[in-house]
Amino acid sequence: MAVDAAERHAILTASIARRSSPMPSLRRLIALLLTTAAVVAAALPSIDPDLFWHLGVGRAALAGELIRTEPWSWAAVGHPFYPHSLAYDALLALFYDRGGLLAVALLGALLGGLSLLLLDRLALAIGVRETIARGAVLFIAAMLAAPIWSARAQLWDLIGLLTVALLLEAHRRAGRHRLLLPLVPLSLAWGLLHGAGLLAGASVGAAYLVDALAARDYLRARALLLAGCAAAVAASAGPLGPSLLLYPFETLVSPVQQASIAEGQPLTVDLPSGALFLALLIVALLVRDRKSTRLNSSHVSESRMPSSA
């Protein structure tokens, strides 16, 4: 439907009025407050209760030793041990031996800030343009991810997951296969920093593969498959070899390990984070349904209006 000069003038006038109103400043202020709260939550000093054995693994790695049997837990002495965060444990040992707990806390705050920055970039990449909406995303993510906001190896999973999503989204939009090349060194680094979380990156890749197949974009699907195979080979190039890729499955089927991993328990609405997640999910669905209804109504109204020459 063509838009005449009067309508264009009205649209331009309304746009200028919105920009000159105090609401954009208020939105930016709210977005700033939400983002600041998220950064503060992610940067609060907190120590991983498993720090002692991560330091032990890291110091052994710096001395050229690879620990493969359980040396600390009296209930599992002699059982197989997977140092699946070998490089990060060595980094932790360096920070702790040179700066103590303060240096470790600063490292955790740095990784938390990087996670939030990547999350903001991903929100922009998938079309979240409003600053207040992105601030809300950061705040909600900071609250839900509260258990890992410390110098824990799991932060590398979040960083790796967001980086993989950014690369795959850029590949989906631009169609340039070379955008998938960084997945190979990323998988190698991820496997050394916290290989137990590689399955999360593979899950995101599988989602984009299904999207490509559903769109019958077989060239993109083939590129994703090849990139996934190359990433798996790169992740297996570390000291643990291919066993690193099997470790998450061994953990999932082990009743002894599952009973001992508190953060591995399912999210329930009995917990504050679970209730918050459920409430946010309901709100998101309601907002999406309302927006879809408005769009459909506007399309129907436009289709009924006579087009002008």
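Among contacts in the protein chain between residues at least 6 apart in sequence, what percentage join residues at least 24 apart? In this predicted model, the share is 66%. The protein chain holds twelve helices and zero strands, so that its pattern, read along the sequence, is α-α-α-α-α-α-α-α-α-α-α-α. Of the 309 residues in the protein chain, 32% are buried.

## Helices H7 and H9

Two packed helices are described by the angle between their axes and the distance between the axes. For helix H7, which covers residues 183–194, and helix H9, which covers residues 218–235, the axes come within 7 Å and cross at roughly 35 degrees. The crossing of H7 and H9 is right-handed. On the side of H7, the contact is made by Leu183, Val184, Ser187 and Leu188, while H9 contributes Ala227, Ala230, Ala231, Ala234 and Ala235. Sorted by class, the residues in this contact of H7 with H9 are eight nonpolar, one polar and no charged.

## Empty space in the model

Rolling a probe the size of a water molecule over the atoms shows where empty space is left. A search of the whole structure finds one cavity of 30 Å³ or more, and the largest cavity holds about 90 Å³ of space. Its lining consists of 14 residues, and those that lie nearest the centre of the largest cavity are Gly191, Leu192, Gly238, Pro239 and Leu240. Both H7 and H9 supply at least two residues each to the lining of the largest cavity, and H7 gives the most, with three residues.

The second largest pocket has a volume of about 550 Å³. It is lined by 26 residues, of which Leu198, Gly201, Ala202, Gly228 and Ala231 are the closest to its centre. One of these, Ala231, is also among the residues of H9 that make the contact with H7. At least two lining residues of the second largest pocket come from each of helix H6 (154–174), H7, H8, H9 and helix H10 (243–252). The largest share of that lining, eight residues, comes from H9.

The table sets out the two linings by class.

| Space | Volume | Lining residues by class |
|---|---|---|
| Largest cavity | about 90 Å³ | ten nonpolar, four polar, no charged |
| Second largest pocket | about 550 Å³ | 21 nonpolar, five polar, no charged |

## Loops on either side of H9

Where is Arg216 placed in the chain? Arg216 is in the loop between helix H8 (198–214) and H9. The phi angle of Arg216 is near 55 degrees, which is a positive value in a residue other than glycine. Because its relative accessibility is 66%, and the cut-off for exposed is over 50%, Arg216 counts as exposed.

Ser236 is found in the loop between H9 and H10. Because Ser236 has a relative accessibility of 18%, and the cut-off for buried is under 20%, this residue counts as buried. When residues up to four places away in sequence are not counted, Ser236 touches Gly241, Pro242 and Leu245.

His54 lies in helix H3, which covers residues 51–62. Is His54 buried or exposed? His54 is buried, because its relative accessible area of 6% falls under the 20% cut-off. Leaving aside neighbours within four places in sequence, the residues in contact with His54 are Asp48, Ser85, Asp89 and Leu92.

Gly112 has its place in helix H4, which covers residues 86–125. With a relative accessibility of 0%, Gly112 counts as buried. Which distance separates the C-alpha atoms of Gly112 and Ser150? The two C-alpha atoms are separated by 7.6 Å, although Gly112 and Ser150 are 38 residues apart along the chain.

Definitions and conventions:
Residues are numbered from 1 along each chain as its sequence is written. This is a predicted model: local features need pLDDT of at least 70, side-chain atom pairs count only at pLDDT 80 or more; totals for chains, interfaces and linings use all residues. Side-chain values use heavy atoms; hydrogens and water are left out. Axes are lines fitted to C-alpha atoms, for helices over the stretch in contact, and angles run from 0 to 180 degrees between N-to-C directions. Helices (H or I, at least four residues) and strands (E, at least two) are DSSP runs, numbered from the N terminus. A crossing is left-handed if the near helix is turned anticlockwise from the far one by less than a right angle, and right-handed if clockwise. Contact means heavy atoms within 4.5 Å. Ala, Val, Leu, Ile, Met, Phe, Trp, Tyr, Cys and Pro count as nonpolar, Asp, Glu, Lys and Arg as charged, and the others, Gly among them, as polar. On a 1 Å grid over the protein atoms alone, a cavity is a set of points where a 1.4 Å probe fits but cannot get out, and a pocket is an open set with protein on both sides within 12 Å along at least five of seven lines; lining residues have an atom within 4 Å of a point. Grid points are joined across faces, edges and corners, and a volume is the space filled by probe spheres set on the points. Buried means under 20% relative accessible area, exposed over 50%, partly exposed in between (1.4 Å probe, protein chains only).
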